[in-house]
Every structure is written in C-alpha cells, then in structure tokens.
Amino acid sequence: MKTAVLFVFTFITFFTNLEAQADVVALSGEYVPARNYGDKVEFKRFFKQEVNYPAHALENKIEGTVELSFVVDSKTGKTSHLKVKSSVNKELDAEAIRLYKMLLFVPSYYQGDRISTFSTLKFKFSIKNYKRSEESRVGKECRSRWSPYH
C-alpha cells in the first residue's frame with residue numbers, strides 16, 4: 001500500500017513539475033544569455049551557406065577569427081553598439097559585419113525577465129572549410145539542376 005501511494009505521489013509530482021516548467025523562461029536566479037535564433041547549429045549552417053570569402057583574402061591566404069561585440073536589446077532582440085573586438089583584416093572584418101547584420105537574436109533573460117546585454121559573436125574564416133562548402137554548394141546546384149526527377 002505504501003509503495004502504491006509513493007508511486008502515485010512521485011508520478012503526480014513529476015508531471016506537475018513538467019507542466020510548471022514549460023512556461024518558465026528562466027528559473028529564479030538563472031541567467032540565460034542572448035543568442036542568435038537557431039543557436040550554434042543554425043549559425044554554422046548559415047555561415048557555410050552565406051559566407052563570401054573576400055577574393056584578396058583568398059589570394060593572400062588570410063585566415064582567422066573575427067570577433068564582434070554588440071548589445072542585444074531586451075524588448076526587440078535588435079542589436080546596436082557594434083564593435084570589432086578582434087580583427088583579422090579589413091576585408092574579413094567587413095564580411096563578418098555583413099553576415100552579422102543578417103542574423104536575428106533572442107534577448108537575454110535574468111530571473112524570468114528580459115534584459116539588454118553585451119554579447120559577442122565569433123566568425124572563423126578558414127580557406128579549407130570555405131572551399132569544401134563551395135564544392136558542396138556547387139554539387140548541390142548541379143544535382144538539383146540536372147536531376148531526372150524534376
């Protein structure tokens with residue numbers, strides 16, 4: 001009898017907590033940082049798909065990570081106060097800024113309330129990865145264009 005009551009109590013407590021936590025954005029005292037929509041996985045896909053490696057940087061084999069800092073607004077998720085925190089060269093910095101302007105952000109939360117925060121974003125420029133993603137893009141375009149199933 002005690003085991004049955006304990007089981008029912010545990011079952012009810014477990015499912016009650018699941019329902020209560022579904023509406024909570026951040027638990028009391030918890031900080032949730034600002035992030036781009038889709039998080040890291042979507043950011044990587046976006047970067048591979050949208051990057052245009054500057055010709056001058058490709059020719060001179062310039063690689064590196066451009067780090068941008070900015071403020072994410074608590075109400076809209078829009079960004080402001082953009083600064084290049086870590087520069088590689090002007091062309092790669094400009095490409096990172098172009099890509100950054102295409103992103104949308106989710107604001108930070110603290111104790112369940114939205115807050116404006118400084119945030120950073122790193123764009124890693126690698127010629128090897130760029131060429132690999134270019135080959136993949138060209139291959140997909142050719143397959144979709146010449147597919148007998150269209």
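The accessible surface of the protein amounts to about 11000 Å², and 58% of this area belongs to carbon and sulfur atoms; such areas are computed by the Shrake-Rupley method with a 1.4 Å probe, and for residues only the protein chains shown count as cover. The structure is a predicted model, in which local features need pLDDT of at least 70 and side-chain atom pairs count only at pLDDT 80 or more, while totals for chains, interfaces and linings use all residues. Residues are numbered from 1 along each chain as its sequence is written, and side-chain values use heavy atoms, with hydrogens and water left out.

The predictor's confidence in each residue is expressed as pLDDT, from 0 to 100. The protein averages a pLDDT of 77, and 71% of the residues score at least 70. Over residues 2-27 pLDDT stays under 50, and the model has seven contacts beyond four places in sequence for them; a contact means heavy atoms within 4.5 Å. Residues 142-150 also stay under 50, with one contact beyond four places in sequence.

The protein contains five helices and eight strands, arranged along the sequence as α-β-β-α-α-β-β-α-β-β-β-β-α. These elements are DSSP runs numbered from the N terminus: helices are H or I with at least four residues, and strands are E with at least two. Of the contacts with a separation of 6 or more, 73% are made by residues 24 or more positions apart. Of the 150 residues, 27% count as buried (buried means under 20% relative accessible area, exposed over 50%, partly exposed in between, with a 1.4 Å probe and protein chains only).

The largest pocket holds about 630 Å³ of space. Of the 25 residues that line this pocket, Lys40, Phe43, Lys44, Lys122 and Lys124 are the closest to its centre. Two or more lining residues come from each of β2 (35-36), α2 (39-50), β3 (64-72), β8 (117-125) and α5 (127-145). Strand β8 gives the largest share, seven residues. A pocket is an open set of points on a 1 Å grid over the protein atoms alone, where a 1.4 Å probe fits, with protein on both sides within 12 Å along at least five of seven lines; lining residues have an atom within 4 Å of a point. Grid points are joined across faces, edges and corners, and the volume is the space filled by probe spheres set on the points.

Lys61, although not a glycine, has a positive phi of about 55°; Lys61 lies in the loop between α3 (55-59) and β3 and is exposed, with a relative accessible area of 67%. His81 has a positive phi near 55°, is found in strand β4 (residues 79-86), and counts as exposed at 59% relative accessibility.
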